[in-house]
Amino acid sequence: WYFRKIKRIEAEKKLLLPENEHGAFLIRDSESRHNDYSLSVRDGDTVKHYRIRQLDEGGFFIARRTTFRTLQELVEHYSKDSDGLCVNLCKPCVQVKAESKTRHLFLLALMTSNQTLQLCYVCALYIFG
């Protein structure tokens, strides 16, 4: 569920893939605050984002009234109880492998006069999930 340095818009694209359902989530590095994280959660056809802050003495929180020693503890808590989030965390966001991403590469094979096959890239369409 930890996706490191992906941007907010990438998190939204990933979570809105058909492989993910309501309550799918991921944690990523915050784009705006060094050393903080963001929790991105699919809520129906939208994605909500929550800042996960670090305590000076160690640990993490979304709402200061409930703190956790680790991100794993935070995930476990919000999986059992939404506790102010839009929804309980369900399954982690599906990590779509490169070969199964919706990447369409259309090739045109042209025969040259000397009968060698020449491949021309006609169109490369990338849709990242």
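A residue is called buried when its relative accessible area is under 20%, exposed when that area is over 50%, and partly exposed in between. The structure described here is a predicted model, and within it Gly44 has a relative accessibility of 30%, so this residue counts as partly exposed.

Leaving aside residues up to four places away in sequence, Gly44 touches Leu16 and His22. Ala24 stands 20 residues from Gly44 along the chain, and the C-alpha atoms of the two are separated by 9.7 Å.

Five strands are arranged in the order β1-β2-β3-β4-β5, forming an open sheet with antiparallel pairing. At its edges stand β1 and β5 (67-68), each with a single partner strand, so one side of each has no neighbour in the sheet. Helix α1 (residues 8-15) packs on the sheet, where it touches β1, β2 and β3, and its direction makes about 165° with that of β1.

The pairings can now be followed strand by strand. The antiparallel pairing of β1 with β2 extends over 5 bridges. Within it, Leu26 has Ser40 of β2 as its bridge partner, while Ile27 has Leu39 of β2. Although β1 is an edge strand, 5 of the 5 residues of β1 (residues 25-29) are buried, and the strand is therefore largely enclosed by the rest of the structure.

Next in order, β2 and β3 run antiparallel and are joined by 7 bridges. Here Tyr37 stands opposite Ile52 in β3. The antiparallel strands β3 and β4 are joined by 2 bridges, and Arg53 stands opposite Phe61 in β4. A further hairpin is formed by β3 and β4, with 5 residues between them; Gly58 in its turn has a positive phi of about 100°.

The helices complete the picture. An α-helix has 3.6 residues a turn, so residues three or four places apart point the same way. In α1, the buried residues are Ala11, Lys14 and Leu15. Viewed down the axis of α1, these buried residues fall within an arc of 90°, and they therefore line one face of the helix. The buried residues of α1 pack against β1, β2 and β3.

Helix α2 (residues 71-80) has Leu71, Leu74, Val75 and Tyr78 buried. These residues lie on the same side of α2, because they cover an arc of only 95° around the axis. The strands against which the buried residues of α2 pack are β1, β2, β3, β4 (60-61) and β5.

Methods
Residues numbered from 1 in each chain as written. Predicted model: local features only at pLDDT ≥ 70, side-chain atom pairs only at ≥ 80, totals over all residues. Heavy atoms only, no water. Buried < 20%, exposed > 50% of the residue type's maximum accessible area, 1.4 Å probe, protein only. Contact = heavy atoms within 4.5 Å. Helix = DSSP H or I, 4+ residues; strand = E, 2+ residues; numbered from the N terminus. Pairing = 2+ DSSP bridges. Axes fitted to C-alpha atoms, helices over the stretch in contact; angles between N-to-C directions. Arc of directions from axis to C-beta.
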